[in-house]
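Thank you all for coming.

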Amino acid sequence: SMSQAGPTVSERVADLGTRPLGYRVFQPSQPTGIPLVLIHGAGRAAAAQLRAFLPAAVRLGVPLLCPTFDREHYGSFHRLGGAHGRYAARDALLDLLDDAQRVFGVDTSLVDIAGYSAGAQFAHRFAMTTPTRVNRVVVAAAGWYTYLDDSRAFPFGTQGIADECGDDPPLDPSALLEHPTLVLVGEHDTERDADLRTSVRLDRVQGPNRLIRALAWADHLDDQATCRGVPRLVRFELLPDTGHGFAEAVRHGGLVGRVMAHVRPELTDTATERSRP
C-alpha cells in the first residue's frame with residue numbers, strides 16, 4: 001500500500017472502457033477499517049456529500065469513495081442500470097473498487113455503502129446483488145425499495161437477480177439480511193413530489209410516501225429475518241426536523257453521525273447508547 005504523510009483527497013475518472021466513472025477518494029493518514037462508499041442522489045451532488053462526511057471521516061480515520069454516476073452513462077443508476085445494460089451502474093462500481101485498489105492502494109475487498117435518496121435505492125440493490133463485497137449498509141430517504149420477493153421481477157422484487165448477477169457461488173439476494181442495515185428517513189419526508197415514483201400497485205405495496213415506505217421496508221426485512229430464523233440486523237431511525245433535502249438531513253437530522261455510528265460502532269461514543277437493545 002502507498003505510504004502517506006497525511007490525509008489526502010484525490011479525484012479520478014476510472015477508465016472502464018465504454019463506461020467511464022468519475023470518483024473522489026479520501027485517504028486518512030491512519031485508516032481504521034474498511035472504506036465507506038457514498039452514493040449521491042438524483043442531483044449527482046457527490047462533492048457536497050464528500051464535504052459533509054469529510055470532517056467525521058478525518059476524525060475517525062474512515063476512507064471514503066464517492067462515485068459520480070453521470071446522466072449520460074448512468075441515467076437509471078438507482079436501479080443499478082445504465083446505457084450499457086441493466087446492471088451497468090453496479091458493474092461500474094465493482095470496476096471502480098478495483099481501480100481504487102490498484103491506483104490508490106485502498107483495500108476495497110470489502111466496503112460499507114451508504115446512499116441518500118436515489119443513492120439509497122442504488123445502495124440496497126447493490127448490496128443485494130453483491131453481498132460478498134458489502135459489509136454494512138445505510139439506506140437513507142429512498143424513494144422506493146426492492147423487496148425480498150422472488151415472485152416479482154427486479155427491481156420491485158428479486159426475481160431474475162440470481163440468474164443475471166450470480167456467478168459462483170449462486171447469488172442469494174436474501175443475503176442482505178446478514179448485513180447490518182440502517183434505514184433512515186426524515187420525519188417530515190411525506191411529500192409526494194415529482195421525484196417520487198408512484199403507481200397504484202407501488203403505493204399499495206410500499207406506501208404513499210418515503211416515510212411510510214421506509215418503515216414498511218424495515219418491517220419487511222425484520223419479518224423476512226424472523227421467517228428465515230436469522231438474526232434481525234435492520235435498524236430504523238427517523239431524522240428529526242428533516243424533510244427530503246440532503247442538507248437538512250445533515251444539519252438537522254444528524255445524518256453523518258448516524259451513518260458513522262453504524263459503520264464504526266466501536267469508534268463512535270454514541271454507538272453504545274443507540275444500538276438496538
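Let me begin with a question: at its computed relative accessibility, does F77 count as buried or exposed? This is a predicted model, and in it F77 has a relative accessibility of 1%, which is under the 20% cut-off, so F77 counts as buried.

Because F69 sits in the loop between strand 4 (64-68) and helix 2 (88-104), while F122 sits in helix 3 (residues 118-129), the pair ties together parts that are 53 residues apart in sequence. Both F69 and F122 are buried, and for F122 the relative accessibility is 0%.

F122 also pairs with F77: the centres of these two rings are 6.4 Å apart and their planes stand at 40°, so this pair, too, is tilted. Here again distant parts of the chain are linked, with F77 in the loop between strand 4 and helix 2 and F122 in helix 3, 45 residues apart. Taken together, F69, Y74, F77, F122 and F126 form one aromatic cluster.

Let me turn to the largest pocket. The space in the largest pocket is about 420 Å³, and of the 23 residues that line it, G41, A42, G43, S117 and A118 are the closest to its centre. Sorted by class, the lining of this pocket has 10 polar, nine nonpolar and four charged residues.

Two further positions deserve a look. N209 is placed in the loop between helix 5 (200-206) and helix 6 (210-228), and with a relative accessibility of 10% N209 counts as buried. A polar atom of the N209 side chain lies 3.1 Å from the backbone nitrogen of L211, and, if residues up to four places away in sequence are not counted, N209 touches D189, T190 and L196.

The other position is V256, in helix 8 (residues 255-263), where a relative accessibility of 11% makes the residue count as buried. Which residues is V256 in contact with, leaving aside its neighbours within four places in sequence? They are A52, F53, A56 and V250. The C-alpha atom of V256 is separated by 9.6 Å from that of P55, although the two residues are 201 residues apart along the chain.

Terms used:
Residues numbered from 1 in each chain as written. Predicted model: local features only at pLDDT ≥ 70, side-chain atom pairs only at ≥ 80, totals over all residues. Heavy atoms only, no water. Helix = DSSP H or I, 4+ residues; strand = E, 2+ residues; numbered from the N terminus. Buried < 20%, exposed > 50% of the residue type's maximum accessible area, 1.4 Å probe, protein only. Contact = heavy atoms within 4.5 Å. Polar contact = N/O pair within 3.5 Å; in protein donor to acceptor, adjacent residues only side chain to side chain. 1 Å grid on protein atoms, 1.4 Å probe; cavity = no way out; pocket = protein on both sides within 12 Å on 5 of 7 lines; lining within 4 Å. Points joined across faces, edges and corners; volume = space filled by probe spheres on them. Nonpolar A, V, L, I, M, F, W, Y, C, P; charged D, E, K, R; others polar. Phe/Tyr/Trp six-rings, centres within 6.5 Å; stacked < 30°, edge-to-face > 60°.
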